[in-house]
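Thank you for making time this morning. Let me put the structure on the screen, and then I will walk you through a few parts of it.

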Amino acid sequence: MTRRYYTKKMKKRSLLPFKVVSILALALVIALFFAYKFAMKIYEPNVMLNDIQEDARLYIPSGSDYDDVLQLLNNQNFISDIKSFEWVAKKMNYPASVHPGSYLIKKGMNNYDFISKLRVGSTTPVYLTINCVRSLDELAEIVGSKLESDKEEFYKAMIDDSFFKANGLNKNTVLTFFIPNTYEFYWIASPEEFLSKMKKEYDKFWTAERKEKATKLNLSQIEVSILASIIQEETSKKDELGKIARVYLNRLKRGMLLQADPTLKFALKDRSIKRLLNEHKKVNSLYNTYKYKGLPPGPIVLPQISSMDGVLNAENHNYIYFCAKADMSGYHYFSTNYRQHLNYARRYHRKLNSLNIR
């Protein structure tokens, strides 16, 4: 009996480590399973974009809270599993750290990387290109389409009396304040911040050397921009800008009418006119340089840097007339007297007639 009892006791004792190991192994498996599930929530790719997109922008407006962000993500279908996003977001305390701005997100980002970017406000700048603008309204629309504030807010800031007074501008000349280029902004930049940056760019462009050249031409900085806008509309050939600029400078010096066709089209508010006639020249507008001497009140387009430098570096010559070449190359004939100019003009008009441009 004693021997049999002892044997059973030994068997029980030998089974005990096995049970412990089994329980521990099971616990480890369960722990690993939950760790895997947690890891999947945190590190599994969760940003989904369409097949042709590798990245996209998430715009979080100023004043947004966590619920607003969730609504944006749902509306734009950026997240594959919104529940896992919310779980990780709460663990990382993102609901208390929402920052507005433009965020560049990439396809396949996991919750941790995505929320880390949002939580610290790691926004990505937007690029704003100002180029070939023809009115303040158009400029406000371009800026409003790229930055958070809308067109009306930017327009209001750009016609504010205090802005005009601080920079010696008016509604006609305000376009001369903006230098065409591509600029980097944070999406939430206010109209005031936008104008402040434009002021810095304006001052950067108008170096002491450029100011000195303008003074030697007897032109203000605004007048340089106005004349540059005219020569820009006169030719698409950059190698002619300085030559045409000097024609107008010569006419200004002699007190002659500029008689610039682009200003007449601007006065008529019709750039589609292919051939200006004498009846067009009767329009009563200060932009009608066939009727009023001197430069018009403001630029007719936002002039490019090359056009402004074309004025500042105008060629030295005595020409006071120019006319488009009849070969339709886009280049011009230049003349010192009206008789020669008329000969060139007749050739050009005959060409227009042959092309049935009336």
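How do the residues of the lining of the largest pocket divide into nonpolar, polar and charged? Before I answer, please keep in mind that this is a predicted model, in which local features need pLDDT of at least 70 and side-chain atom pairs count only at pLDDT 80 or more, while totals for chains, interfaces and linings use all residues. Residues are numbered from 1 along each chain as its sequence is written, and side-chain values use heavy atoms, with hydrogens and water left out.

The lining of the largest pocket divides into 26 nonpolar, eight polar and 13 charged residues, where Ala, Val, Leu, Ile, Met, Phe, Trp, Tyr, Cys and Pro count as nonpolar, Asp, Glu, Lys and Arg as charged, and the others, Gly among them, as polar. A pocket here is an open set of points on a 1 Å grid over the protein atoms alone, where a 1.4 Å probe fits, with protein on both sides within 12 Å along at least five of seven lines, and lining residues have an atom within 4 Å of a point. Of its 47 lining residues, the closest to the centre are Glu 234, Asp 261, Leu 276, Tyr 290 and Tyr 348. Helix α14 gives the most to this lining, with seven residues; helices (H or I, at least four residues) and strands (E, at least two) are DSSP runs, numbered from the N terminus.

Because 10 of its 14 residues are buried, α10 is largely enclosed by the rest of the structure; buried means under 20% relative accessible area, exposed over 50%, and partly exposed in between, with a 1.4 Å probe and protein chains only. Among those buried residues are Val 224, Ile 230 and Glu 234, and what covers the buried residues of α10 includes α9, α11 and α13.

In the loop between α13 and β5 we find Asn 313, which counts as partly exposed because its relative accessibility is 42%. Asn 313 is 96 residues from Leu 217 in sequence and 9.6 Å from it in space, C-alpha to C-alpha.

Finally, the second largest pocket holds about 310 Å³ of space, and Leu 217 is one of the residues closest to its centre. Helix α11 supplies the largest share of that lining, five residues.

Terms used:
Contact = heavy atoms within 4.5 Å. Points joined across faces, edges and corners; volume = space filled by probe spheres on them.
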